[in-house]
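Q: I would like to learn how to read the packing and the charged pairs in a model like this one. Please take the features one at a time.

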Amino acid sequence: MRALRRRGIIDDVMRDLSFVQDMPNREVISATKASKHFVDKEPAELKKPNIDPTRRYLYMQILGGKAFLEHMQESELLPGQVCSTFTLYLHFRNQRFRSKPVPCACEPDLQEGFLLEVQRDHLGDGSKMADAITMLSIRDPVHMVLIKTDTSNERTLVASCFVDWQSVLSSPNGRTNSAVELLGVGSEAKVLVGILNLKLELLPQLNQTLTQEVVNAQVRH
């Protein structure tokens with residue numbers, strides 16, 4: 001890892017992602033896909049954003065985290081006390097988003113909604129409302145990166161994963177709930193860092209959905 005850092009490879013990887021231009025980079029981005037466990041319980045949801053009804057969007061809600069066991073012993077903060085924080089970064093089809101920083105905890109209070117535009121004019125698919133078949137052909141996953149900022153303002157890459165969002169295309173109501181496992185990076189690429197509760201929703205809702213078999217066949221292809 002030190003050799004890679006000296007050669008500038010880590011800096012190049014983070015610079016290509018362009019999540020933040022001035023971030024000190026400390027670890028290699030992992031391309032490990034997060035495993036997803038669908039949950040039966042319908043979690044609370046955030047207020048829906050305003051949208052252009054002629055465009056297709058993927059509304060991704062982060063509804064809290066759990067099992068960040070490294071931070072199980074974090075003490076309750078006193079008023080005005082400085083603490084380490086988590087910030088979540090997203091990248092999808094040349095769009096970049098960042099959550100508000102939240103205190104590091106075993107169950108970090110990450111509550112954010114990201115409105116991802118599925119249709120992109122400059123990518124040649126923005127002339128009409130995208131249907132399920134069109135969206136199934138889009139191979140871009142959502143890339144999520146979790147950054148920890150400590151009390152001395154040092155930033156560390158904690159986890160990186162790719163989320164396959166197309167399962168929502170087979171959902172009768174155009175939404176899915178899942179728990180996404182975040183894995184570590186570098187030498188800890190197989191170590192569970194924590195779990196995020198995730199809700200995906202297509203806006204506007206599809207008139208016709210696809211079967212799960214069709215979606216699975218395309219995702220595996």
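Q: Which residues have the most contacts inside the largest nonpolar core?
A: In soluble globular proteins, nonpolar side chains tend to be buried together. A nonpolar core is a set of buried Ala, Val, Leu, Ile, Met, Phe, Trp, Tyr and Cys residues joined through side-chain atoms within 4.5 Å. Buried means under 20% relative accessible area, exposed over 50%, and partly exposed in between (1.4 Å probe, protein chains only). Here the largest nonpolar core has 39 residues, and M60, V142, M144 and W165 have the most contacts inside it. This is a predicted model, in which local features need pLDDT of at least 70 and side-chain atom pairs count only at pLDDT 80 or more, while totals for chains, interfaces and linings use all residues. Residues are numbered from 1 along each chain as its sequence is written, and side-chain values use heavy atoms, with hydrogens and water left out.

Q: Which elements each supply at least two residues of this core?
A: Helices (H or I, at least four residues) and strands (E, at least two) are DSSP runs, numbered from the N terminus. At least two core residues come from each of β2, β3, β6, α3, β7, β8 (155-163), β9 and β10. β10 gives the largest share, five residues.

Q: What does M144 touch?
A: Contact means heavy atoms within 4.5 Å. Not counting residues up to four places away in sequence, M144 touches a set of residues including M60, I62, L88, A159, V163, V180 and L196. There is also a second, separate core of five residues, with Y89, V145, L157 and V185 among them.

Q: How many residues of β9 are buried, and how does β9 pair with β10?
A: Two strands pair if DSSP finds at least two bridges between them. β9 and β10 pair in the antiparallel sense over nine bridges; E181, for instance, has I195 in β10 as its bridge partner. Seven of the nine residues of β9 are buried, so this strand is largely enclosed by the rest of the structure.

Q: How many salt bridges does the structure hold?
A: Side chains of opposite charge can pair when their charged atoms come close. A salt bridge is a side-chain nitrogen of Lys or Arg within 4 Å of a carboxyl oxygen of Asp or Glu. The structure holds four. In one of them, the side chains of E117 and R55 meet at 2.8 Å, N to O. E117 lies in strand β6 (residues 111-117) and R55 in the loop between β1 (36-38) and β2 (57-66), so the pair ties together parts that are 62 residues apart in sequence.

Q: Is E117 buried or exposed?
A: E117 is buried, with a relative accessible area of 18%, and R55 is buried as well. Leaving aside neighbours within four places in sequence, E117 is in contact with R55, R56, Y57, F92 and Q95.

Q: Which side chain meets D140 in a salt bridge?
A: The partner is R93, at 3.0 Å, N to O. D140 is in the loop between α3 (132-136) and β7 (142-149), and R93 is in the loop between β3 (85-92) and β4 (95-98), 47 residues apart. D140 is partly exposed at 31% relative accessible area, whereas R93 counts as buried at 12%.

Q: Where do R175 and E201 lie?
A: Their side chains meet in a salt bridge (3.0 Å, N to O). R175 is in strand β9 (residues 175-183) and E201 in strand β10 (residues 192-203), 26 residues apart. R175 counts as partly exposed at 22% relative accessibility, while E201 is buried at 5%.

Q: What is the nearest side chain of opposite charge to R56?
A: Lys and Arg count as positive and Asp and Glu as negative; His and the chain ends are not counted. R56, in the loop between β1 and β2, is buried yet has no salt bridge, and the nearest side chain of opposite charge, D131, is 7.1 Å away. The side chain of R56 reaches the backbone oxygen of P204 at 2.5 Å.

Technical notes:
A polar contact is a pair of N or O atoms within 3.5 Å; within protein, one must be able to donate a hydrogen and the other to accept it, and residues adjacent in sequence count only if both atoms are side-chain atoms.
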